[in-house]
Amino acid sequence: MLSASFSITVTAIAFGVVFLAELPDKTALAGLMLGTRYRASYVFAGVAAAFAVHVVLAIAAGSVLTLLPHRLVQAVVGTLFLAGAAMLLLKKSDEEEHIKAPADQSFWKVSGAGFMLILVAEFGDLTQIMTANLAARYDNPLSVGIGAVLALWAVAGIGILGGRTLMKYVPLRLITKVAACVMLALAGFSLYEAIAG
């Protein structure tokens, strides 16, 4: 049974996990590149819409997982969190996103370019998988969805408006390691529940 209640704790956890996982991602850099070429509000509108679509898809996938036996779900979620942590730790940091520039600066062209870029680049991405895992783990799609969307929008905003400044003060390697540690902790909790529950 799905919980429709709102939990600030679950929202905060989802925000933290997704924010840390997305910050070192190539799409944050793509947002930065688009934001330096085009009007930031236009870019953000397209990127935000694409992230909202991805979160809805991830929540739907996570909600399907809650129909399975609890121990099995916790084992799968724990394993996926471990895989996510490994992906973050082993990922090469020199990834670049190639962006095809829209022909003009109109709202629909620029926001459409941002939407399509994120829609394609983020499909099946680590943060989408993590959002599905969180939805399955906490059985609270509303709270996880709000936390994940806000995290992705925050990263997009940072990337579009001030990514270069942030990276001067916070090394990308540190952000990646913190995100991996959070995922390892969540993996440990989920696997413990699978064994003990």
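## Nonpolar surface patch

Helix α7 supplies the largest share of the nonpolar patch, 4 residues. In this predicted model, the patch covers about 620 Å². Its members are Phe 6, Ile 8, Phe 15, Leu 142, Ile 146, Leu 150 and Trp 153. Two helices, α1 (8-22) and α7 (141-169), each give at least two residues to the patch.

Phe 6 sits in the segment before α1. The relative accessible area of Phe 6 is 45%, so Phe 6 counts as partly exposed.

## Helix α1

Helix α1 has 15 residues, which should span 21 Å at 1.5 Å a residue. The end C-alpha atoms of α1 are 21 Å apart, so the model agrees with that value.

The buried residues of α1 are Val 10, Thr 11, Ala 14, Val 17, Val 18, Phe 19, Leu 20, Ala 21 and Glu 22. An α-helix has 3.6 residues a turn, so residues three or four places apart point the same way.

## Helix α6

Helix α6 runs over residues 126-138 and has 13 residues. From its first C-alpha to its last, α6 reaches 18 Å. That is close to the 18 Å expected at 1.5 Å a residue.

Helix α6 is mostly covered, with 11 of its 13 residues buried. Asp 139 follows α6 and has a positive phi, near 50°.

## Arg 137

Arg 137 lies in α6. Its relative accessible area is 14%, so Arg 137 is buried. The cut-off for buried is under 20%.

Leaving out residues up to four places away in sequence, Arg 137 touches Gln 74, Val 77, Leu 186, Phe 189, Ser 190 and Glu 193.

## Confidence

The protein chain has a mean pLDDT of 77. In this chain, 76% of residues reach 70 or more. Confidence is highest in α1, at 91. Confidence is lowest in helix α2 (residues 26-37), at a mean of 67.

Over residues 94-102 the pLDDT is below 50. Beyond near neighbours in sequence, this stretch still has 18 contacts in the model. Where pLDDT is low, the predicted coordinates should not be read in detail.

Definitions and conventions
Residues are numbered from 1 along each chain as its sequence is written. This is a predicted model: local features need pLDDT of at least 70, side-chain atom pairs count only at pLDDT 80 or more; totals for chains, interfaces and linings use all residues. Side-chain values use heavy atoms; hydrogens and water are left out. Patches are made of residues with over 30% relative accessible area and no salt bridge: like charges are joined within 9 Å, nonpolar side chains (Val, Leu, Ile, Met, Phe, Trp, Tyr) within 5 Å. Accessible areas come from the Shrake-Rupley method with a 1.4 Å probe; for residues, only the protein chains shown count as cover. A salt bridge is a side-chain nitrogen of Lys or Arg within 4 Å of a carboxyl oxygen of Asp or Glu. Buried means under 20% relative accessible area, exposed over 50%, partly exposed in between (1.4 Å probe, protein chains only). The expected span of a helix is 1.5 Å times one less than its number of residues. pLDDT is the predictor's confidence in each residue, from 0 to 100. Contact means heavy atoms within 4.5 Å.
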